[in-house]
Each structure stands twice: as structure tokens, then as C-alpha cells.
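Hi,

Here is the structure I said I would pass on. Have a look at it first, and my notes follow below.

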Amino acid sequence: MSNEIKTMDKSPIVKKKNTDEAVESGLAKLTRERIKNTINQVLQNETGPRFKAYVETCMHCGLCAEACLYFLSNDRDPSYSPAGKVKQTIWEMLDKKGEVSIDFLRRAVHIAHLECNVCKRCSMYCPFGIDIAYLMLMVRRICHKLEITPLYIQDTVNSHSATMNQMWVKEDEWIDTLQWQEEDAREEFENLRIPLDKVGADIMYSVIAPEPKFQAGLIYQMATIMHAAGVNWTMPSTPGWDNSNMAMFTGDNEISGRIARAFYETAARLKVKRVVMGECGHAFRSTYDVGNRWIGWAMPPFEVVHALEFYHELLTSGRIKIAQKYKKTVTLHDPCNVSRGRGLHDMAREITNMLCESFIEMTPNREHNYCCGAGGGVINCGPPYKGERMVNNRVKAEQLKATGAEVLIAPCHNCHSGLEDIIHHYNLNMEVKFLGDIIFETMEKKIYQSGD
Amino acid sequence: MNAFIDFIMGPMVWITFLIFILGLILKIVLILKDVNAREPYIYSYMTLKHSLRSIAAWSIPFFPKSTKQSPVFYGVSYIFHLLLFLVPIFLTAHIVLVNEAFQVSWIALDDSIADILTIMVGLGLVFFMIRRMMVPEVKYLTSCKDYLLILIVALPFITGFIAYHQFFLYRPMVIAHVISGEIMLILIPFSKFSHMIVAPLTRAYMGSEFGNVRHAKDW
Amino acid sequence: MKNKIIFLSFILFLLTAVVAFSNTELERLDNSDFQKPQRPGAVFEHDGHNEMAGIDDCNVCHHVYEGKKLVEDESSEDSSCADCHSLKAVVDNSITLELAYHKRCKNCHFEQNKGPVLCGECHIK
Ligand code: HEM
Ligand code: SF4
Ligand code: SF4
Ligand code: SF4
């Protein structure tokens, strides 16, 4: 008996981690031939000199480790370090020329989908600027092509593919929800409208599918803000209204491109001047940075403005006035997709200071903020992995706790959900809010007249 | 024997530098050709301003956050890389040889100073090696190839040091020094040492993605 | 066994001592013309070298140049090398003193495929 324990101690730690039925049934269908061909096809035909440089130049120095939430939260376990994850996936695929085992793939799906949130923090710590998130997305691409993507996130992609939105929201359901919110908001403002398909409006407002599905109140809030600010705006009634893009995170680039195209085409059809997006980070990444590239636009064909930037404009131009500043102590989470991804962190601070009386910074912050460990597709892999996600987010929890703030502002949907899980799991006793929530709470509820 | 020495210190030096320089040029040309053929979109994101901005920020010692978090490693690395170029270029014995061949010379380090700097390069390499053995996240990434790289850099310095002090086996030591130096130079374009020119490229690209598209800093 | 080791170490010690002391007696070239020489003067035993190398004519080394032309049949053993070869290259003579020594010795040793050609083979510590 004692002997057995000894040998177990010596053996390499075999990670017994959850996987789910989609992964398992996908793995069961694979043949060696298919694995090899798929891996080689992706690594040879879908990459280029950039990939090559990243693989060939990495000096194995481990400096990227310090950047990664997963590495830090797992007591500096090297297998969670950014380059460590590349070693366990890409390097081995290259070494073995694609002839990898089922066990290897089970581990690879796990690493790429659950142990890296593609937040790109590590590329700010690697002296060469190696883009490990890109390499992890390449692994996800391979998993997609092998049809071993985790169940929940694959379901959202299926929904995207069938309905052009992430949550299987039906067209009438969508329009119904908007009208219902319009009606409710009329209690606040008598003539408030949520104008649908108004061709030639200044702004198309666009949200992610979870809003009509679970958080319709957010649409209500935004409608109130738009109305009070006297903005000439519209929302589309047709597919293309959802700006979220889970396919971007599963490596299903073809569907990702379709989603982005539908989105821009909707804006084009409505002949709007620009698109304002709700407080979502990954959706912004899709429309501002990723989706556009897949359909051949270096930069988005439309001016795409994140809610954060839009609020800043409304507040500084005086279109929205704050009646009374928010009293509770707040701290701010910089969503990686709009701070590291778009440099909106300074604006976020200005807004927070305009709205709130007492703002406590969390450290590190701005571009260097720790990721929420959710919105890079990790949270979307669903409940089977929640416990593990909480372990992987320990450092984020510590960072939040150190602020001692009562309210955590997170201008991003996935951050929001991820952070709520963290707060609950670690008993942090904080309330998570969108900037929109606080604006709605503190603003003067009257309609802007120019010259006011 | 003198004929052999004449070869490794004459024609072989020419061959070495030719391979070294042409190899580096070839490497860049191949990368750019590959970019043109397969990822030409890269150019639509690269800007000179943001490329240089990032390279400059990363060239200032202890400016990027990463360097502040690992000051000892970066400190050693800065000194190691600086001396890696400085010592060979400003070594009296090397300058004397260049002078004999081309009658050009430049200021030289005092031999006693060069001696100390060589020891520092050696200590730097020992530090890298120990780090590879001791620090878990580095150990995890390390394979024998990484030790081999350290050895390849170490050899010219070790043999040069022993030869300079005439500790033992003087003639074989100088020959080993010359040959290992040539091997190192020849390998630069074809090994991970090519980071010498690839690093500015990857940095420039990431700097541009961050500066130009993401409006954020990458240091 | 232990005694053997002690005995051997003693012999070794004596040997190094002998080698170390005998080294100080080497005949070297006078390098006092150089400012701050980095290495000790080259070990050179004039007569022994020439005998071994079979050099009879002085002007093989102690040459005379007029402008850029070698003057055959004349030799310069009465003057010091530094009379013509200055420390820095000058218009009249681009060959510095250091270069003159190095080239004189090494070129010949390479041509003959004999003799020292590496720094420390002449500048013995
Ligand atoms: C100007 C050109 C160069 C630059 C900018 C550069 C930069 C770097 C960087 C950023 C690293 C990774 C981490 C670090 O040690 O800081 C590195 C590692 C290293 N470089 Fe360079 N390098 C250059 C030239 C060279 C050359 C020519 C050699 C040797 C022939 C060399 C040998 C090494 C070695 C051995 C390491 C790894 C240290 C370890 O084992 O951790 N480098 N270099
Ligand atoms: S992208 Fe983010 S989560 Fe992924 S390895 Fe890098 S730091 Fe870690
Ligand atoms: S910091 Fe960069 S070079 Fe070093 S191990 Fe990480 S990815 Fe490789
Ligand atoms: S959810 Fe938020 S912090 Fe998290 S990945 Fe999104 S943008 Fe990043």
C-alpha cells in the first residue's frame, strides 16, 4: 500500500480535469489520419511568417509567465505559463508533425479553451512581443476543425450560425423585447421611442443577444439615456442586431466572418453615421479588431464606438447631466478588450470620476489589468468548468478584495458575469455594475435641449 | 600547423562573416517574401512610428513593466548582451588582427578590463544556466537545445579566457577559440540566435498592433 | 596510499616551482618604445632563432626602404626599428611599429609554416 503511494508521488501529475460530452464524443470519432491532416493543414496553410517567427524566436526564457492570471492563480504552476501552454500544444504538434494522441488533444482543448483567456497580457511581458493568445486561438481553430470544441460554447456558435445571434433569440422575440422595453421606459419619459430600422439615423445602437434574453433592463436604461441626450438613434429589427461573436473564440473563422458581415451590412442598410455598442468587450473586439479583418477590412468599415466612449461624449458635451454623484465607494475593472484592446482606460477613469464620489484604483490597472478570466471564451464553455474557472481566477479575487470597494464597475458583459462568479465564490461582498447602471441612477431625467 | 591556423584565421574568417551577414540578410529577405506571399495584411497595420516607439521603449533599461518585475534577470541580460558585442569588438587582440589585415584600427579595451568583462559574460551565462535549472517556469520550457545554445555562446569566451591567461594547451586553446567563435557567428542566422534580427520585427509588429489599432502601450 | 599521494603532490609542487622560476630568465624584445604595452615583450633569442631558421643575411629583417621601394643589399641593423616605424601611422611610413614587428615575424612564420604565430606564443606571460 505504502509502495503504491510512493510510485504515485513519483509519477508526473496527471491532470484529471473535467471535459464535456461534446469534447468526448468528438474525440471518439477522430482517426489518426484526420488528426494529422487537420493539424498540418492548419499549421502549414493557415499560418505564415508570423507564426513561424513566434515559434522559432521564443527563447524559452519564461518571462511571459509573470503576466498570466492562470499561472499566478495556480501557485506559479509552470504548465499554466503562457509559453508552457504553447509547449504543451503547438510545439508538440510541430515536433510530432501532427501525429498526436487523443489524450494530447483532450489536454490541448482544455488548455486553449479553459486555461487561456486570450487576453494578450503576456504579449506585453514577452521581450519579443510574441502573441501567445494568437497561438492559443490557433489551437482552438484546430479543435474546431476536429470538432472537439466544448459543448456550451459550440452551442452559441451553432446559434450564431442558424440565427445570426448567440442565444437562439427568434426575430419576433427580439422585436417584442424592444417594444416591451420601450413601453416600460415610457413611464420615465412620456414620448420615449426605441426607433427600429430608422434609415439615416445618426447612430445604430447594437447589443449582444444575452441582453434581450436575460437583461432587457439594460436596453431600457440605454433607451432612457439616448432619449434624455436627444440622440437621433435606431436599433435594427433584423438579424445583424447582435454584435457578439463566439465563433471568433472557437476558431470558427468562417462563421465569425459571417457574423461580422451581417453586422456591418445592417449598419450599411440603415445608412447610419456610426455604430454604438453596448458595454461588451468581446463584441467590441469582434467588430473593431477581428471580424473586420476576416471579411477584408483592415479597420472597421464603420466607425464603431464602445459604450464607454459614447458615455464619455455624452457626459463631457453636457448632453447627460449628473444630478447627484454616486455615493458608494467604487473600483473599476479595465476590460482587456477595450483597454488593452482599444485604449479606453483613461476615458473609463474620467467617466467614473464624473459619476462617483469615491473611486479606488485596483492594481495593476489600465493596459496591465488582470483579465477577468471569463470573456475570452472561457466562461462560455459553461457550467462544467465553473469550479475550475474559480480556481484559475484566484488572483483576480485577491486584486478585487484589496480595493475594499463596495461596488465594482465592469464595462463589459463577460467581465460582469465572470466577476460576479468570482465575488460569489470568494465571498467578496461587492456589487458589480455597468457604467450604464450608474449613469442611469445618477443622471438628471430630463431631455437635453441645446444651449442648456 | 601554421597553414591550418592561417586558414582558420584568414579565409575562414571571411567565410564566416559572409555566412553571418548574408545569412542574416537572407533571413530577413525570406521573412519579408513570406510576409508578401502569405500575410501581406501585416503591412496595413505596421506603422514606422509605433514600431519605433515600441522598440525604443523596450530598449530603455528597466522601463517596460516586465523588466521591472524581473529586474535581476533583465539586468544580467542587458549586461550580457551588451558585452557579447562590446568585448569581441573592442578587444586588443582582435583589433591587432584586423589591423594586420586591413590596417585599420580603433580604440581598444585594456586587456585587464576585457578580462573582467569576459568573466562577467561567463557569469551571465552561468546565471542563465542556473536559472534554467532552478526556476520552475523556465525549467519547464527548457530542453537540452537551450543548454546547447548557452554552451555555443560560452565556448568562445571560455577558450579565449584560458588562452589569454596561457593556463594550459595554449595553441589548441586558441584554435578552439577561433573555431568556436566562427561556429557561433555562422549559427546566428540559422538558430534561435536569429532573434538578433527577428526580435525587432516581432516587437515592431506587436508595437504597431498595440499602438496603431489598440491605442494602447505594449510595455 | 595516503603517503603516495603526499609524495606525488610534493614532486608536483617542486616541478611547478622549477618551471615557474626558470621562466623568468626568458630573453625578450625590448618593448620600451611602446606606451602602455598590453603584453610582455615578445620572447626572441636573436642568434638561436637565426641559426635555427638558417638566416644569414641581416637585411632579411633589418631592411631598408626608400619610399615604397626595398633597397636590396643594404641593411639597417645599426638603427632601431622605431627610427622608421612610429607608433602612429604617418604619411612617410604607414606601417606602425607594432605592425612592423607582427608582420615581420608572423608573415615569415606563415610562409615557412613554422614558428609561433599566435599572440601568446611570443608574448609569453
Ligand atoms: C542585438 C541583438 C540582440 C537582441 C536585441 C537580443 C535580445 C534578447 C532577448 C530579448 C532575449 C530573451 C530574454 C533575455 O535574455 O533578455 C535574449 C536571450 C538570449 N540571447 Fe539575445 N539578443 C541579441 C543578440 C544575441 C546574440 C548575437 C546572441 C548570441 C550569439 C544572443 C544570445 C542570447 C542567449 C544565449 C539568450 C538566452 C538566455 C537564456 O538562456 O535565458 N543574443 N536575447
Ligand atoms: S493571453 Fe492571457 S490568459 Fe492567455 S496565456 Fe497570455 S496572459 Fe495568460
Ligand atoms: S517571454 Fe517570450 S520568448 Fe520568453 S518564453 Fe515567453 S514567449 Fe518565449
Ligand atoms: S470579459 Fe472582459 S476582461 Fe474579460 S475578456 Fe472580456 S473584455 Fe477581457
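Let me start with chain C. Among its contacts with a separation of 6 or more, 32% are between residues 24 or more positions apart. Keep in mind that this is a predicted model.

Chain C has 5 helices and 2 strands, and reading from the N terminus the order is α-α-β-β-α-α-α. Of the 125 residues in this chain, 18% are buried. The chain exposes about 9700 Å², with 59% of that coming from carbon and sulfur atoms.

Now for ligand 1. Its site is shared between chains, because residues from both A and B surround the ligand. There are 18 residues around ligand 1, and the ones that come nearest are Ser77(B), His81(B), Leu84(B), Arg132(B) and His195(B). By class, the shell splits into 14 nonpolar, 3 polar and 1 charged residues.

Which helices of chain B each supply at least two residues of that shell? They are α6 (71–89), α8 (111–134), α10 (144–165) and α12 (195–213). The largest share comes from α6(B), with 6 residues.

A few polar distances to check on your screen:

- His81(B): an N or O atom in the side chain is 2.6 Å from a nitrogen atom of ligand 1.
- His195(B): here too a side-chain N or O atom sits 2.7 Å from a nitrogen atom of ligand 1.
- Arg132(B): a polar side-chain atom is 3.1 Å from an oxygen atom of ligand 1.

Cheers

Methods. Residues numbered from 1 in each chain as written. Chains lettered and ligands numbered in written order. Predicted model: local features only at pLDDT ≥ 70, side-chain atom pairs only at ≥ 80, totals over all residues. Heavy atoms only, no water. Near = heavy atom within 4 Å. Polar contact = N/O pair within 3.5 Å; in protein donor to acceptor, adjacent residues only side chain to side chain. Helix = DSSP H or I, 4+ residues; strand = E, 2+ residues; numbered from the N terminus. Nonpolar A, V, L, I, M, F, W, Y, C, P; charged D, E, K, R; others polar. Buried < 20%, exposed > 50% of the residue type's maximum accessible area, 1.4 Å probe, protein only. Contact = heavy atoms within 4.5 Å. Areas by Shrake-Rupley, 256 points an atom, 1.4 Å probe, with all protein chains shown as cover.
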